[in-house]
Amino acid sequence: MKKDKILLVEDDSTLSFIIQDALTREGFDVECAPNGEAGLKMFGKSAPDVIVADVMMPKMDGFEMVRLISKADFTRRTGAFPHRPHSSR
Amino acid sequence: MKKFKTITIVCLSAIAIMIAANAWFMHRLYDTYKQQYIDKVESCVRQADIISWISIAQSTYNVDDSKLNLILTLTGDTTETEWYDYPDVDRKMVEELISAFAAQGEYDQQMKGKNFTIIDNVFRRQLDYAGLHPDYAVVLPPDSTLSDDSGLWHIKFTIDQGNTHLYNVYISSLGTEVLKQMSGIIATSAMILILMGFLIWYLLHWVGRLRTIEQMKDDFTHNMTHELKTPVAVAYSAADSMLRYYDQSDEARNKQFLKIIMQRLSFLSGMIENILSMSMERFKTMKLNIEPVAIKPVVEDVSGMMGLKADKPVDINIDIPDNLPVRADSLHLGNILSNLIDNAIKYSGDSVNINIKADDRSIIIADNGIGIEKGNLPYIFDKFYRVTSGDRYEAGGYGLGLFYVKQIVELLGWSIDVTSKPGQGTRFTIKFKSDEER
């Protein structure tokens, strides 16, 4: 069975590493991008099933990235949600 | 933001309206003064005219009138002054004379014979008596004009409701003279305007500053939230991940995660220390409101409050004379006492006795709590210092209470001392005068 693909957009490399580690253990195929701009590029290349994005990031923030992606993604196949570890639970 | 703009616009328009209104009133006042001035000049010309006509009348008709003679004599003598009060009845008579001339068609002819030396002399003298001292003044016949009258006022002197043009009068414009008369009004108006302007500037300046401070606070909070949240998020995620996907065999991963947690926590603690020390900076510039304060009610209030808050039995004995005043800031005095009493309650066993005693030289707060080790005593007033041995760490706090107490005590010009025996209790003594003064 093909693994679901997650695009993780997070500017803090350590946090990115930890989340990637956890998601990989959960059986996902994880790709990482350090900011919204890179995330947007990677979205075009790898067509992920789900995007997990930080909100506050340099260059392009999470909301802007998701807005641009949902504009480009005509099929609206991809889900996106902001991640704010533990505080918004 | 919007409010600030509105305030600015309202203030600026208020000033603009005030300036416009002031300018308008000034202009009207200036016109009034100018008109008064011209009226005076015209009356001087009239006097000169009358006297010249009398001269003509006498030479043509040999008018034998003692009054006319007197006036004529006076015109020749510039030192005399009586003609200044030239009576209306005589003027009327002379005007009749002029009318008669005009009716006979002799006006133009007689004009030529007019002695402009007399007119000019009398005119100048008249100006002088009227208290007017223009730099330049001249009376000319109606058919001659000055080629260059820049800076001069030209007055066409007429009689018969403007039908007969008698003289052209040129006089240096008394702009400066008129302004001099108005100087008091102008000065006060200017001062009020300047004062208003300054007040409004000050107001805007303050509003602007408050806005900047507000903005800075917002930015600070925003940045701080991000800065504080990120390390918390990282440490949290690392710990969460370790618990959830615990793998004893993968020692490298475990170590790496623990290291991450440690790193972020130490970063956080540094940040928190910075924030706290920043707020402590305010002590340096803090102003106290020092006044006589009756010490007993303050102690009673604070003790009552602390006793209620405590989670164990607290017995506070207060031995302070009624109406004992000290010179202090009542708010900070209360804070000092509540800090000391709070410490006494915190660092004690299951219950605590506190004795508070004061006279006009000092106040003593003593407890029977757990006490402080001798080695720790010199540091207890240091910023962020906390006695960390044993279960005392449970008591909580930032290590700022006694630091604060010491800062305030020193700002008040007092001194604070501590003695303590572990297991028996601690005694704080605040002396109302510093050591140097005694």
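**The interface of chain B and chain A**

Modeller: Across the interface of chain B and chain A, two salt bridges are found by the rule. The model is a predicted one, and every value below is computed from it. One salt bridge joins B:Arg264 to A:Asp12, with the closest N and O atoms 3.0 Å apart.

Two helices of chain B, α7 (183-244) and α8 (251-280), each contribute at least two residues to the side that touches chain A. Of the elements on that side, α7(B) gives the most, namely 13 residues. Sorted by class, the side of chain B that touches chain A comprises eight nonpolar, six polar and six charged residues.

In terms of contacts, 20 residues of chain B meet 14 residues of chain A. Together the two chains bury about 1,500 Å², and 64% of this area is on carbon and sulfur atoms. On the chain B side, the residues that lose the most area to chain A are B:His226, B:Tyr236 and B:Tyr245, which together account for 32% of what that side buries.

Helix α7 of chain B also holds B:Ala233. B:Ala233 has a relative accessibility of 7% and therefore counts as buried, the limit being under 20%. B:Arg264 is the residue already named as the salt-bridge partner of A:Asp12.

As to covalent links, the structure holds zero disulfides over all chains. A disulfide is a covalent bond between the sulfur atoms of two cysteines. Two cysteines may be described by their accessibility. A:Cys32 has a relative accessible area of 27% and so is partly exposed, whereas B:Cys11, at 10%, counts as buried.

A further buried residue of chain B is B:Thr429, at 16% relative accessibility. B:Thr429 belongs to strand β10, which spans residues 425-431 of chain B. Leaving aside residues up to four places away in sequence, B:Thr429 touches B:Ser362, B:Ile363 and B:Ile364, together with B:Ser415, B:Ile416 and B:Asp417.

A:Ala47 has a positive phi of about 40 degrees although it is not a glycine. A:Ala47 is placed in the loop between α2 (36-46) and β3 (50-53) of chain A, and its relative accessible area of 39% makes it partly exposed. In chain B, B:Asn323 is likewise a residue other than glycine with a positive phi, near 60 degrees. B:Asn323 sits in the loop between β5 (314-319) and β6 (325-328) of chain B. With a relative accessibility of 69%, B:Asn323 counts as exposed, since that class begins over 50%.

Conventions: Residues are numbered from 1 along each chain as its sequence is written. Chains are lettered from A and ligands numbered from 1 in the order in which they are written. This is a predicted model: local features need pLDDT of at least 70, side-chain atom pairs count only at pLDDT 80 or more; totals for chains, interfaces and linings use all residues. Side-chain values use heavy atoms; hydrogens and water are left out. Contact means heavy atoms within 4.5 Å. Buried area is the accessible area (1.4 Å probe) that two parts lose on being put together, summed over both. A salt bridge is a side-chain nitrogen of Lys or Arg within 4 Å of a carboxyl oxygen of Asp or Glu. Helices (H or I, at least four residues) and strands (E, at least two) are DSSP runs, numbered from the N terminus. Ala, Val, Leu, Ile, Met, Phe, Trp, Tyr, Cys and Pro count as nonpolar, Asp, Glu, Lys and Arg as charged, and the others, Gly among them, as polar. A disulfide is a pair of cysteine sulfur atoms within 2.5 Å. Buried means under 20% relative accessible area, exposed over 50%, partly exposed in between (1.4 Å probe, protein chains only).
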